[in-house]
Each structure stands twice: as structure tokens, then as C-alpha cells.
Amino acid sequence: MVATDQAITLKTPDEIGIMHQANRIVAGVLRLLEQSIKEGVSTYALDKLAETYCRDHKAIPAFKGYKGFPASLCASVNEEVVHGIPSKNKILKNGDIISLDFGTLFQGFYGDAAITVPVGEVSVQVRTLLEVTKSALLQGIEQARIGNRVSDISRAVQSYCESHGFTVVRQFVGHGIGTQLHEPPEIPNYVQRQPSPRLMEGMVLAIEPMVNLGSAKVKILSDQWTVITADKKPSAHFEHSVAITKNGPQILSDHPPEGTEADLKVGAT
Ligand code: MG
């Protein structure tokens, strides 16, 4: 998915400021969706909510039409790993989990983040899968520091997930992000036996562990988009866009502190 023949782009502090705004719109979408998740809601309704919020905040839904993707939101339920297509026929029920992945284009820069949330009551095992995947993302982000390598992020994610008995998906990876939705470098969630780029100030990375309860194997459905686990066991997905700064990793797809959303317009980073 990521063109590897391009150079890795470094963003200025001003550009990172714009990317912070792009990503906070994503965070706002995901919070709205999380609050709207309940039994009986269709993934189509979630897609419409997400697109409306995005456009109301002067951003363009980045996934809509991307390589022909037919919706604004990727909504992946249970064994669906990523790239689930919203549908009026896909109705959430108690005990499901749903991965919500959303992207924005705002003032020429992209935002991208994802969360996985339970619908009602889920099993202890599935709740653990969600908690471990979310923590694995934070472990990876902790390694997003000047002088480390991409493989340090990969290793942190992989070892944390595997130490809890889960597996990481190989076929899909995180990515650089900026004026393109997918830029180099690739950010695998496992350690590859090949040289790995050194992390530098100004890189912005979308780190996104996709973690399976069972086998790591996945396949793509006949719609050419939806990725599911080969064993049909549940999969979780969390993603943040993160800038590498002198002061360490900066999560761009965070939430503004309560009541300060308007202050973003002054461009604080
Ligand atoms: Mg992404």
C-alpha cells in the first residue's frame, strides 16, 4: 500500500501544527462514534455521522474514494481486521467489537487514527484483546524517538502482543503520513530481517497494531476490501498519528483538553 521508492518527508513545526488539527478532527469523529455505539446501530449510520462531523469541521473524509473505497469510515466488526465497508445491513449486536478507522484531509495534510470498541458486554478474553492492542500501540509510540529505528517500534508492539498470547497481522502495516495518506516508511507490527530506517525529527508516523486473538493469518473478502482473520476469530486495531519531535513522541490524534477546542485555531503544537 505504501510506495517505497519515495523519500521519507520531514515536517516543519508549522506543518505538524496543521497535522495536529487534521488529526484532532479524526479524534473528534472517533469520540462521537464511540458515544454512538450501541446494539441496533448500523455501520452505515456510523459512516454518515463520521462524514457529517468531518465536513462540519472543514475537513474532507480522506478514505472516501481512496483507491475506490466507497465510504468515509472503515468499520470492521469482530473477525474483520481492517477496511470493512459500512452497510445498512450490518447491524451491531451485543458482544460485538468494532474497529473504527477514519482519515481526514485538512489544509493539505492528512490525519489518520483508529479505535476498537465493544458493543455492550464482551467476553473477558475479547476485552483483554482490546486492552492489549491499545497498550501495544502506546508501547510502540514510546519508541518513536529520534535516533531509534522503525524496528524499535515494531519490536515493542510485537513482543507486547505475543507476550499476552496474541498474534500480530503481517500483511498490513502502519505508514508515514503527511501530504499523502500513505507515505514511507512502512511501520510493520513485527520485526523484519532487513535494514530499518532511522527515526528523525519531523517524521510523522501512523502506528497501527492489528492484533488477532487466534492465528495471524488474514484474507481479503470478494468485495476486494474487507480483511478478515483466516480462522474467523476476533481482531482489534488501534492507531495514532505521531510526530517525532525533540521532546519525544507527540500524539497528534489526541483529544484537546476539555473546553479548549476553539484554542486549536491559534495553532498550538
Ligand atoms: Mg492508517
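Trainee: At what angle do H3 and helix H4 pack, and how far apart are their axes?

Mentor: H3 and H4 (residues 150–163) pack at about 155 degrees, with axes 8 Å apart. Since angles over 145 degrees count as roughly antiparallel, that makes H3 roughly antiparallel to H4. Axes here are lines fitted to C-alpha atoms over the stretch in contact, and angles run from 0 to 180 degrees between N-to-C directions. Helices are DSSP runs of H or I with at least four residues, strands are runs of E with at least two, and both are numbered from the N terminus.

Mentor: Keep in mind that this is a predicted model: local features need pLDDT of at least 70, side-chain atom pairs count only at pLDDT 80 or more, and totals for chains, interfaces and linings use all residues. Residues are numbered from 1 along each chain as its sequence is written, and side-chain values use heavy atoms, with hydrogens and water left out.

Trainee: Which residues make the H3 and H4 contact?

Mentor: From H3, Val132, Ser135, Ala136, Gln139 and Gly140; from H4, Ile153, Ala156, Val157, Tyr160 and Cys161. Contact means heavy atoms within 4.5 Å. Seven of these residues are nonpolar, three polar and none charged. Nonpolar covers Ala, Val, Leu, Ile, Met, Phe, Trp, Tyr, Cys and Pro; charged covers Asp, Glu, Lys and Arg; the others, Gly among them, are polar.

Trainee: And H1 with H2, at what angle do they cross?

Mentor: Roughly 145 degrees, and the axes of H1 and H2 (residues 43–56) come within 9 Å. On the H1 side are Ile25, Gly28, Val29, Leu32, Leu33 and Ser36, which meet Leu46, Leu49, Ala50, Tyr53 and Cys54 in H2. That contact has nine nonpolar, two polar and no charged residues.

Trainee: Which residue other than glycine has a positive phi?

Mentor: Gln224, with phi near 70 degrees. Gln224 lies in the loop between strand E11 (218–220) and strand E12 (227–229).

How values were computed: Angles under 35 degrees count as roughly parallel, over 145 as roughly antiparallel, 65 to 115 as roughly perpendicular and the rest as oblique.
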